[in-house]
Amino acid sequence: MSAFSTFLGKERRETFRTWRLWILPGITLGLALLSPVLTRLTPELLRATANSQPGVVIHVPPPTARDSYVQFMGNLDQLVIIAVIIAGAATIAAERRAGTAVLVLTKPISRAGFVVAKAISQLAVLVCATVLGVAVCIATTVALFGAGSIAPFVAAAALWLAFAAMILLLMVMLSAAMRSQAPAVGAGIGLWIGLLVFTGFPLIRDHSPAGIIAANDAALTGRDVALLWPLVTTAIAGAVFLAAAIWFFRRREL
Amino acid sequence: MNDAGAAAAVTVPPAPGPSASAAVELRGLTKLYGRKAALDGVDLTVASGAIFGFLGPNGAGKTTTLRILAGLARPTAGSAAVLGRDVLDAGNQIRSQIGFLPDVPGFYGWMTAAEFLRFAGGLFDLDDATLRARVAALLELAGLAGVEARIGAFSRGMKQRLGVAQALINAPRLLLLDEPTSALDPIGRKDVLDMIAALAGRTTVFFSTHILADVERVCDTVAVLDHGRVVAQDTIDGLKQRHGHGQRLLVEVDDPARLVQAVAALPWVALVERSGATLRLTVSDLPTAERALPAVIAAAGLGLRRLEADEVSLEEVFVELVGERRP
């Protein structure tokens with residue numbers, strides 16, 4: 001077994017034997033379960049609130065399966081992206097802080113191999129968490145609301161996954177470039193908010209990864225949007241972030 | 001000096017480029033952190049097979065040197081070569097022949113000791129049979145055989161012993177150890193030092209420490225680093241002879257007080273210390289003192305009971321080399 005596959009194997013075992021399992025997959029699965037339930041209960045909660053205030057009448061249309069999926073996508077767009085940022089910031093910084101990078105990198109594994117293995121393992125966790133989350137959300141939604149239109153939700157989730165993967169690779173780069181996890185988290189959140197702001201500028205939005213954030217919503221509501229540039233720029237950005245992570249880490253002293 | 005020192009490695013004189021016979025070769029090695037020089041033009045050669053002690057006070061630059069040799073940091077100027085290759089060009093082929101233990105080794109706390117050793121061996125692409133045999137032997141050596149607890153629950157001493165074990169998993173040609181015994185109890189220290197001594201002649205061991213007794217016990221050659229500069233490099237005996245601040249004689253006579261008066265004015269006597277019936281004379285010229293002292297004692301009408309050389313300790317040499325230079 002090569003050094004690279006040995007290290008990748010360590011990453012896999014680490015995922016199942018440490019807190020790493022509970023961050024992304026735990027949060028995603030939790031939200032996948034809660035989102036449909038909250039959607040189902042929202043009218044009752046609002047009615048109960050209205051009943052406690054005399055004179056207030058709230059009319060809420062009956063929730064649908066699409067509302068449940070919209071709720072979950074909203075959570076993915078915010079809470080899970082923040083979890084991706086926090087988990088991604090630890091990718092390399094945590095190994096450096098713990099001193100484990102020193103013991104590993106004085107053995108025959110290159111720094112590029114180290115970074116790529118860390119990125120692959122984090123991406124694998126993200127993909128599995130998303131697939132499981134989507135499956136659980138669909139199952140819960142079908143149980144609570146009956147069968148709805150699943151395809152737009154799956155398309156929106158796939159677009160979100162592409163965006164989240166790019167954010168994760170951005171965080172791998174920041175984790176390699178910065179001294180510790182905290183400033184990497186700060187920089188990551190700043191850049192993510194910057195992308196959210198870009199969604200308000202159509203020219204930039206339609207030719208950058210910010211377009212995926214907007215396309216997400218469009219996919220759920222069945223609107224057509226141009227996806228080529230956002231997808232291409234997201235893929236290029238991800239590759240550039242990974243290459244930059246290797247570049248930064250090769251230059252970093254341990 | 002111990003038995004390992006009997007086969008003292010000869011220090012190779014400085015050469016213009018990396019030497020094939022030298023396991024470690026530093027030429028004008030300089031490392032700056034901002035404007036502060038952690039290493040200031042270090043020249044050092046360690047012969048293959050030597051057990052080399054790298055001495056120096058805290059902050060002298062020992063860890064920085066080891067980090068450069070291990071490829072974890074880059075020199076600002078000068079060069080560092082291991083096993084004949086510049087560290088900046090050393091790829092997996094060189095790394096596969098080196099074992100490294102940092103001063104505070106970091107482990108994956110969720111692994112057991114055996115798992116970590118298997119992981120470390122896997123990074124060297126060892127075959128299953130070799131890996132199994134080495135893991136078992138090294139766990140035994142580290143006193144961790146049968147320990148099923150996760151490393152996160154280990155004491156510092158257990159981690160240090162595991163650190164030594166993982167550094168040996170690839171049967172390295174060059175073993176770089178940064179303060180390997182600092183966290184160990186006396187028995188653990190003895191085990192590690194015995195292990196290092198057993199490697200003499202097969203593996204070059206380059207270890208930094210400030211525990212002088214460890215160096216005297218296992219090293220054949222040493223270098224003393226202070227303020228980023230090598231202030232001495234020699235065999236331990238050579239160091240004692242050259243930097244012992246004179247040599248000493250232990251003398252016992254029937255009336256020590258009269259001998260103190262008799263030797264006080266002699267030009268080769270630098271210092272006279274009395275402890276009971278024993279006088280310790282620090283002399284500037286040992287051969288002259290050994291020849292002349294019996295005659296002086298006889299001329300004073302004293303009876304000579306004991307006359308022998310008193311070896312200068314490595315600690316005294318170290319203090320002489322480093323102590324006076326400290327702020």
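Visitor: Which helices do the buried residues of helix H5 of chain B pack against?

Guide: The buried residues of H5(B) pack against helix H4 (113–123) and helix H6 (156–167) of chain B, where contact means heavy atoms within 4.5 Å. Helices (H or I, at least four residues) and strands (E, at least two) are DSSP runs, numbered from the N terminus. This is a predicted model, in which local features need pLDDT of at least 70 and side-chain atom pairs count only at pLDDT 80 or more, whereas totals for chains, interfaces and linings use all residues. Residues are numbered from 1 along each chain as its sequence is written, chains are lettered from A and ligands numbered from 1 in the order in which they are written, and side-chain values use heavy atoms, with hydrogens and water left out.

Visitor: Which residues of H5(B) are buried, and why do they lie on the same side?

Guide: An α-helix has 3.6 residues a turn, so residues three or four places apart point the same way. In H5(B), the buried residues (under 20% relative accessible area; exposed is over 50%, partly exposed in between, with a 1.4 Å probe and protein chains only) are Leu131(B), Val135(B), Leu138(B) and Leu139(B). They share one side of H5(B) because they cover an arc of only 100° around the axis, judged by the directions from the axis to the C-beta atoms.

Visitor: How many residues does H5(B) have, and what is found at its start?

Guide: H5(B) runs over residues 128–141, which makes 14 residues, and reaches 20 Å from first to last C-alpha, close to the 20 Å expected at 1.5 Å times one less than the number of residues. At its start, a side-chain oxygen of Asp127(B) comes to within 3.2 Å of the backbone nitrogen of Ala129(B), while just after the helix Gly143(B) takes a positive phi of about 70°.

Visitor: Which residues other than glycine have a positive phi?

Guide: Most residues other than glycine have a negative phi. Among those with a positive value here is Asp125(B), whose phi is near 60° and which sits in the loop between H4 and H5 of chain B; because its relative accessibility is 48%, Asp125(B) counts as partly exposed. Another is His227(B), with a phi of about 50°, in the loop between strand S9 (221–226) and strand S10 (229–235) of chain B; His227(B), at 42% relative accessibility, is likewise partly exposed.

Visitor: In what order do the four strands of the open sheet in chain B stand?

Guide: Strands of a sheet pair through backbone hydrogen bonds, either parallel or antiparallel. Here the order is S2-S1-S4-S5 with antiparallel pairing, a pair needing at least two DSSP bridges. S2 and strand S5 (85–86) of chain B stand at the edges with a single partner strand each, so one side of each has no neighbour in the sheet.

Visitor: How many bridges join S1(B) to S2(B), and how many join S1(B) to S4(B)?

Guide: Nine bridges join S1(B) to the antiparallel strand S2 (residues 36–47) of chain B, with Val24(B) opposite Val46(B). The two strands form a hairpin with two residues between them, and Gly34(B) in the turn has a positive phi of about 65°. S1(B) also pairs with S4 (residues 77–82) of chain B over five antiparallel bridges, where Thr30(B) is partnered by Ala77(B) and Glu25(B) by Ala81(B). Strand S1 (residues 22–33) of chain B is mostly covered, with nine of its 12 residues buried.

How values were computed. Polar contact = N/O pair within 3.5 Å; in protein donor to acceptor, adjacent residues only side chain to side chain.
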